[in-house]
Amino acid sequence: METDKERAPNTQDWKLLHPVLATRRSFYYLGMCFLAFTVVAFFAWLRQLRFGLGVTGLNVPVYWGFYITNFVFFIGISHAGTLISAILRLCHAEWRRSITRAAEVITVLVLFFGVGSVIMDLGRPDRLLNVLRSPNFRSPLLWDVCSISVYLTASTIYLYLPLIPDIAILRDHGARPTFLYRWLGLGWRATVKQKRFLNAAIAVMAVLVIPIAISVHTVVSWVFAMTVQPMWHSSIFGPYFVVGAIFSGIASLIVVMALIRRIYFLQDYLKPIHFNNLGLLLLVMALLWFYFTFAEYLTTFYGSDPSHLVVFYSKLSGRYAVPFWIMFVTCFVIPVSLLARRKTRTITGTVIASVSVNIGMWLERFTIVVPTLSQPRLPWAKGHYSPTWVEVGITVGFGATFMFLYMLFTKFFPIVSIWEVQEGREQAVPEVVTRVRSYLPEETVPSA
Amino acid sequence: MPRWGMVIDLAKCTACQACVVACQTENNVPCVPPEQAARGRIISWISVLPQLEGEYPRLTMRPTPLPCVHCDNPPCIRVCPVGATGINPEGVVRQIFARCIGCRYCTNACPYTRRMFNWYRPEFPGEFTEALNPDVSVRPKGVVEKCTLCHHRLQKARDQARAQNRELAEGDYIPACVEICPAGAMYFGDLDDPNSTVATLARGRRAFRLLEELGTKPKVIYLAQGEWSGGDGQGART
Amino acid sequence: MTFEFDRRSFLKFALGGAAGTAASGVSLKGLSDLNAALANEQVRVPTGPESWATSVCTLCPGGCGLRVRLIGQRAVKIQGNPLHPVNRGGLCPKGVAGLQELYHPDRLHKPMRNAGSRDNPRWKEISWEEALGTITGRLRGLRDGGEARSLVVLDRPRSGLLPRLQRQFLAAYGSPNYLVMPTGMDAVQAALRFQQGITEPVAYDLANSRYVLSFGVNLLEGWGAPVAVMRAFARWRDVASGRRTKLVQVEPRFSITAARADEWVALRPGTDAALALGIAYALISEGLYDADFVREHTFGFEDWRDAEGEFHLGFKSLVNSEYRLNDVSAITGVPADTILRLAREAAQNRPAVALGDRQTSSLPGNPYAAMAVHSLNALLGSIDLPGGVLVQQALPGSNSDSERSPGSPPPALVLSAGELPQAILSRRPYGVQALLLNQADPVFSMVNGDEFRRALREVPFVVSLTAFLDDSSQLADLVLPTATALESWQDTGPPPAVANALLAISPPVVRARKDVRHPGDALLALARSLGDKVAAALPFANYEAYLRRQVDGVFAAQAGAVFGSNLEETWDRLMERSGWWAPSYSTSEQLWEQVKQQGGWWEPAYSYGEWARVFRTSSGRFEFYSQALAQAARQQARAAHTGGSAARIDDRACLPHQTVLPETSSNFPLLLLVVEQLPLSGGQGAHLPYLQQIAGEHLFASWDSWLEIHPETAHQFGIEDGAMVWVESRRGRVQARARIYEGARPGVVHLPLGYGRATGSPWACRGANPLQIVEQQSDPVTGMPLNSGTHVKVYRA
Ligand SMILES: Nc1nc2c(c(=O)[nH]1)N[C@H]1C(S)=C(S)[C@@H](COP(=O)(O)OP(=O)(O)OC[C@H]3O[C@@H](n4cnc5c(=O)[nH]c(N)nc54)[C@H](O)[C@@H]3O)O[C@H]1N2
Ligand SMILES: Nc1nc2c(c(=O)[nH]1)N[C@H]1C(S)=C(S)[C@@H](COP(=O)(O)OP(=O)(O)OC[C@H]3O[C@@H](n4cnc5c(=O)[nH]c(N)nc54)[C@H](O)[C@@H]3O)O[C@H]1N2
Ligand code: SF4
Ligand code: SF4
Ligand code: SF4
Ligand code: SF4
Ligand code: SF4
Ligand SMILES: [Mo]
């Protein structure tokens, strides 16, 4: 039997419960602010439902625009959480402990917006169920439906499992609504058996979630790559998209971490070292991203298939040159120059790099989706796409709503995993010592 | 079983676009208002693409009437998540308007840009509704539509042939665009019947298909322009 | 009240919102309900029993035969009549879009009286009785006052029997003034008048030509009988026929016709005459011309002396001295070897035919250029033989007496519609008291539309018969709504450029949708109520009865055949050639019934080489040197040197020649040439959405005027593709969207005709009417109209 004391957080970790238990006025104002954008998006969507997709800037032949860009972007971000946290967990990266939760929440929440973006894009959202009623398994979109549902389920479980001990803490504290915590707490008593079971489950999920996550963005890329359209029909799109996804995912995570660190005064938990480490990861991803992008464009250029080249040049020097080169600067030049040097790999530096990467990655999705469509193989009327307020409104609204929901989450659950931090402090340190020791040659006892 | 196909003789086509309007009136294709047209949202199941090349005064234009080419291996139908489009045993790539969720994946997968989307509810101002063809439904907003090879005409032709107790003969079933063409530049029929006009023409030396290299196997076949080969002014040739 | 939050109420609010969202939208059932509630999307497609009817298209002078599909009482589809010899089942896009004309929301539905002023019309709907009563009263007044001749009828160009009816009406009433809107064939028609001495419409046997040299004739974009021309074009390229006719398109702009031609010769605008004469030079100097034909059937080829022994320049000397290849090349910008090659090709691929000068009634063609082109036909021996230039056969039974007023007719006011406003404004030779516009809109479609506007204000009584309100009817006292083709009896005759006599007649296909009438019915009702001679001359209850009577004339001619399939007609033609005539009818009544059913009657055979019919000049030959022109010039000269001896005339004024082109000014550095697009040709069609959508296919332009401009020129003037620009001439300026077009000649810009109505259907009142800035020019020597374009400048709006 453990004592209550054992279950209670360390006094120094009380801080982590604070956002859940007390709310500052500014929170509401910020929340209302975000909700205002939600309302705009909702209104825009009602308009779209009433009149049809004509209210967007889409046309012939640019049939996809902001919504599908958002879809790819949001699904990409979702790799922040589950995938990164799983990899870090499996690698026993101890610095992960205070950031995994923040990451996993991103995944689960943002997936809804990814899926939501597709629904926004449908001409007949009311017929969505047709996807289940008469599925066509040859369609990459259906593969998406499958992989995203699995990913959503797995990520939710993966978010929930490590949450249980913390919910129990809240429950025992009598946080309200009590029914919620009692219900979600699942009678967690932190018994040894429970703990062992939980750790095993988390480990299994961590292993499972990685291939699922990779499959998700691979399949998203295949939505494009499976067509024969110029500069979509590419075999490296799978890994290219996954790399991009992780890239933007890490960047989002850094931004979110910086925000909660500031807002909830978690400087002790989210330390420069976390930003430094994630910054290094981001740097690696930036280089990888560059490698893939380079490979992708070089092969296109070298192959010189005329229909591909039209799209190629429209990005490099034509109508889409501005977004393309901004993308290049924000995805590569800025992050690499900031992150490569220790001096600039500060919290501010990584945050700037991350914001830049997020902008860049959104633009990357845009410059993948739109230029190809606007230069069809047959000399059709050249479509010029520019979004209307409806698309902008829904896009911004999605972003705002995401942040609102994220805020809401922090009001119900500790955003830094209390028990894991505790566990780290109590068990991991000796464990690490043992582990590190195990890497080294046996300490030989000099023979007498 | 027939495999319906079309042959378009580019040497004869005058780029008049009667086929375009004939298709629109036959298939209840709405006219989008001018602001929408300016945004590139005109719906036409068949369009005449100008294909202009060169510089003044050495220019070529190959106006190409382009309906859905009814690929035998259509990239558009594979990608549809709900199976709202498919190819029937006679090779017609059809669209189930009532099932389409409007994702526009097919429109993007079609290398010929031959699928059209209803951005708005179709409007038929004033009494234009009176001219609607009862054999063809009016598509609601939010779904994709495309050339059906005037499939309703096949059904009528079949019914008629059956009523007269005979087989469907060549010329019984002719799509609206082919029927109207003032230059007689379009031919229609069974590509699998080696004696049909279309099959004969499709075997000819001038025959080619658009974007053949993509392996889509179109069933709309073009006959190349060809050139004048008369006296060249340098003296008679024999 | 302060706004106090606590966590609970906030949560309630947030959750409530979320739940609401879920209930209204996110749940799928909710979503479809929402969707259904927000937007009703049912479009009812009416149904009923199916039937088919025959009719004719009257949207252009082409007069194609139609088959109309009916569902119940509604016409739902227009197809071509496969039996009609002009179109054989094909139609142009305008004809196909005809249903939108029938069901057009902006049609006039009742006669209207202008209760306001000319400047500020206020339309009051009245009954037909009242309208016709008003007209009768006015016309009676005029006739009783001895001013019958001051009634003018201005008709749109059309074939068929309605012109005959109008002439008969006017003749019986006592006015000679039946005018037709210029048709653009005017230049060629003038050439025919000057060189062949005939006024019958020119025709071509294009289907059998082997070499076609078109001087800016927009063969595939609405010239002549559009569908008949397209069918001929397809014949030229029919592989099965084993040979291909070459089409050479000579024009400055890369038009659709140029694009579809076998060769496009880009020449400097307005230099067609020089080019034609250059080709003539090559034909003559290489000895390639048809010497037999020239010897037997032409006049003025060699230098000659007249009765007074005076020396006159011949065509050959003119060409040899002034149109040598290098000179012509310098004028036209066409390489000399191209000119030589064209001449050789034409000579070696006969029958070869030369068409032109280019035609648009809006910009009168240049008669000298037309004469130059037509001279090529004479050199190539292509007149009145298969594959050549023919003269349209007259419809049998045209009793020209009844179209003439008894006794000596009063002098006609003017010779052509273009001169009408001057005559009205100057009241010379006499004033116009009443003007009847029969589906003509001169204010919109004439270059001197402004003048027409002023003139119409001066006419005390203006009546406009039209289906849609238009710019001219704004200035009328009465507007009478006319029926569209499918709603009334219709008839068409041989369309422009088609040689065979033809009469297509069709009964109404649908009940009139509005209180509208056919102009023929209106005119016959007027005749009845005018009584007296007019009623006696036109004793017909309605237009149907009138048509029925005309068929008697056709029957009496004992020739031709009812429309049939190709096969039957080949047979008929063979029989007829061998002196047989085997009609499918034996009474006029039978003919009438068959015409109604099959669509019409025609004369499939053309008798070639009737020189007396086709050359009615004073020499009885084709005249390179037009003696008619010489006589006119002599008269003019005599008038100038009052009473003096026969002044010497310039031989060149009687021979085809290149006229001097107006100078460019630095203020207006660009040349504007207006063009017709098939969907909006003849100025018609802009009110039909289906046609608006396809109007500028080569540039994906629709619904608005565009200005075609060469990329270099655009660059030079800082104009981007898609920018709104002003196009300004000395006369004024209009706005259009600049479109970069490789097919526009550097330094030359083009505006499409058909846009920019000021009144009428909102769909038609879009874009700009280029005629508002087009300047009418005339040859400084002869005063003859020119079509060399208007100088403009273009700048960003
Ligand atoms: N469907 C339909 N068809 C119609 C009609 C209709 O209402 N409906 N209307 C009919 C009537 S009334 C008419 S008049 C005809 C129109 O008759 P068209 O002959 O088709 O008249 P445009 O299109 O004005 O011809 C202008 C052409 O001449 C060229 N051009 C301009 N300047 C020069 C020059 O200096 N030299 C040469 N060689 N070429 C030049 C231009 O590039 C342009 O291509 O259409 C007829 N057809
Ligand atoms: N701006 C401009 N001017 C032009 C031209 C152009 O394209 N644009 N084209 C030039 C040429 S080539 C020509 S021949 C003349 C033609 O000039 P017009 O003969 O004046 O022809 P429109 O002005 O087209 O039509 C005259 C009126 O008759 C009515 N109408 C015409 N056809 C029908 C019909 O079939 N049924 C009914 N119910 N009503 C009808 C129309 O409502 C219109 O108001 O214009 C010349 N001028
Ligand atoms: S109708 Fe015939 S001639 Fe006209 S554009 Fe179509 S295919 Fe060409
Ligand atoms: S042309 Fe396009 S729409 Fe038609 S079958 Fe082929 S891929 Fe499908
Ligand atoms: S738009 Fe309709 S037909 Fe096309 S892929 Fe989507 S559901 Fe299928
Ligand atoms: S076949 Fe029928 S549906 Fe297809 S383009 Fe032609 S008319 Fe339209
Ligand atoms: S060519 Fe003239 S008559 Fe024939 S369908 Fe076209 S508009 Fe009608
Ligand atoms: Mo005309």
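The shell around ligand 5 divides into nine nonpolar, two polar and one charged residue, where Ala, Val, Leu, Ile, Met, Phe, Trp, Tyr, Cys and Pro count as nonpolar, Asp, Glu, Lys and Arg as charged, and the others, Gly among them, as polar. Members of this shell, residues with a heavy atom within 4 Å of the molecule, include Cys80(B), Cys100(B), Cys103(B) and Cys106(B), together with Pro81(B), Val82(B), Arg104(B) and Val144(B). The model is a predicted one, in which local features need pLDDT of at least 70 and side-chain atom pairs count only at pLDDT 80 or more, whereas totals for chains, interfaces and linings use all residues. Residues are numbered from 1 along each chain as its sequence is written, chains are lettered from A and ligands numbered from 1 in the order in which they are written, and side-chain values use heavy atoms, with hydrogens and water left out.

In chain A, the axes of helix 13 (residues 272-303) and helix 15 (residues 321-339) come within 9 Å and cross at roughly 145°. Axes are lines fitted to C-alpha atoms, for helices over the stretch in contact, and angles run from 0 to 180 degrees between N-to-C directions. The contact (heavy atoms within 4.5 Å) involves residues including Leu283(A), Trp289(A) and Phe290(A) of helix 13 and Phe324(A), Met327(A) and Phe332(A) of helix 15. It has 14 nonpolar, one polar and no charged residues.

A total of 18 cavities of 30 Å³ or more was found. On a 1 Å grid over the protein atoms alone, a cavity is a set of points where a 1.4 Å probe fits but cannot get out, and lining residues have an atom within 4 Å of a point. Grid points are joined across faces, edges and corners, and a volume is the space filled by probe spheres set on the points. The largest cavity holds about 140 Å³. Of its 15 lining residues, Phe124(B), Phe128(B), Ala131(B), Gln100(C) and Tyr690(C) lie nearest its centre. The lining divides into 10 nonpolar, four polar and one charged residue.

Two cis peptide bonds may be described. One joins Tyr56(B) and Pro57(B), with omega about -5°, and Pro57(B) is in the loop between strand 3 (52-55) and strand 4 (58-61) of chain B. Another runs from Arg350(C) to Pro351(C), with omega near 0°.

Key: Helix = DSSP H or I, 4+ residues; strand = E, 2+ residues; numbered from the N terminus. 1 Å grid on protein atoms, 1.4 Å probe; cavity = no way out; pocket = protein on both sides within 12 Å on 5 of 7 lines; lining within 4 Å.
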